[in-house]
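Q: Please pick one part of this model and walk me through it closely, residue by residue where that helps. I'd like the cut-offs behind each term as you go.

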Amino acid sequence: MKTKITELLGIEYPIIQGGMAWVAEYHLAAAVSNAGGFGIIGAASAPPEIVREQIRECKKLTDKPFGVNVMLMNPNSDEVADIVIEEGVKAVTTGAGNPGKYMEKWKKAGVKVMPVVASVAMAKMMERSGADAVVAEGMESGGHIGSITTMCLLPQVVDAVNIPVIGAGGIADGRGFAAATMLGAEAVQMGTVFLVAKENIVHQNYRDKVVNAKDIDSAVTGMSTGHPVRCIKNRMTREYLRMEAEGATLEELEQMTLGSLRRAVMDGDVMDGTVMSGQIAGLVKKEMTCEEIITSIMSDAKKLLGR
Ligand code: TUI
């Protein structure tokens, strides 16, 4: 399926994998790219040299293009921004902030830039700064989220900018892909469905939480701190939300989540760790390979779209 995004990135299918912290390491990124989508290494808060190593390992597993997600709350993001240039990465997505200060050097180096935005204003600002595309991410998504749903955000962003728009948030099958296409998206970005991809390194306990999740099983912590994060309900979210309601300080709340995503993803502590996931987890019923995920979505979407 040819779209402005498959042309921009040189990929077969307009499917981009979300740059999930701890989850989106090189095995997953390479598997998604080898399956014809666009794999992404999530730099998150990793030390810059680890990101370089991840990029080099990814190149050993695939000769297809892949990208890096630069998480802008990471204090090391300046160094990560340079590493993607030095390593000749095809494209970056950015999250949790404004990547304006890196735009000029990325553009000069030929790195395609696709900032994740959660509002029309941010999308327009990114277009003015020279972004090649934007990812319009609704609050159905897992992890750090904005406040508007994909159904409302995506068409408004599509109308507001002239660059291609990638839809994200609540998409995990061919119906979601087709719906995003109808709203004007040139591609989709998905995270939750890749949490249970067979190729990734996510602990089995985390996979089980996603596969067993029902529609209403996610909660949003951190509304009061200005950093809302969607994750699957567990002892950690109950305790966090209780403390938040009782007016705990920012320090107390931060203390609770320090290292908690790593503990869930790597150690399988899904009771007191943070199990970031989108609302669409209820639709994710079994573990599959990246190739199975991508080909089944594309085949269903093509039928629905009459292509
Ligand atoms: O970034 C994400 N999702 C993430 S980042 C992350 S790591 C983390 N861990 C714990 C606490 C907080 C973060 C986990 N999940 N998605 C992309 C995204 N970006 N969603 C919303 C935004 C966003 C928000 C504000 C983009 C721009 C923005 O602009 C604010 C500004 O600076 O003007």
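**Strands around the ligand**

A: Let's begin with strand S5 (residues 112-117) and strand S6 (residues 134-137), which pair in the parallel sense over two bridges. Strands here are DSSP runs of E with at least two residues, helices are runs of H or I with at least four, and both are numbered from the N terminus; two strands pair if DSSP finds at least two bridges between them. Do keep in mind that this is a predicted model, where local features need pLDDT of at least 70 and side-chain atom pairs count only at pLDDT 80 or more, while totals for chains, interfaces and linings use all residues. Residues are numbered from 1 along each chain as its sequence is written, and side-chain values use heavy atoms, with hydrogens and water left out.

Within this pair, Val 116 has Val 135 of S6 as its bridge partner. Both strands belong to an open sheet of eight, ordered S1-S9-S8-S6-S5-S4-S3-S2 with parallel pairing. Its edges are strand S1 (15-17) and strand S2 (39-42), each pairing on one side only. On average, neighbouring strands of this sheet are turned by 25° against each other, ignoring direction.

Now to the ligand. Among the 14 residues around it, those that come nearest are Met 73, Ala 96, Val 116, Glu 137 and His 144, where near means a heavy atom within 4 Å. For polar contacts, the criterion is a pair of N or O atoms within 3.5 Å. A ligand nitrogen lies 3.0 Å from an N or O atom in the side chain of Glu 137, and a ligand nitrogen is also 3.0 Å from a polar backbone atom of Ala 96. For His 144, the distance from a ligand nitrogen to a polar backbone atom is 2.9 Å. Of the 710 Å² of accessible area that the ligand has on its own, the protein covers 69%, using the Shrake-Rupley method with a 1.4 Å probe. The shell holds eight nonpolar residues, five polar and one charged; Ala, Val, Leu, Ile, Met, Phe, Trp, Tyr, Cys and Pro count as nonpolar, Asp, Glu, Lys and Arg as charged, and the others, Gly among them, as polar.

S10 pairs with strand S11 (residues 229-232) over four bridges.

Conventions
A polar contact is a pair of N or O atoms within 3.5 Å; within protein, one must be able to donate a hydrogen and the other to accept it, and residues adjacent in sequence count only if both atoms are side-chain atoms. Axes are lines fitted to C-alpha atoms, for helices over the stretch in contact, and angles run from 0 to 180 degrees between N-to-C directions.
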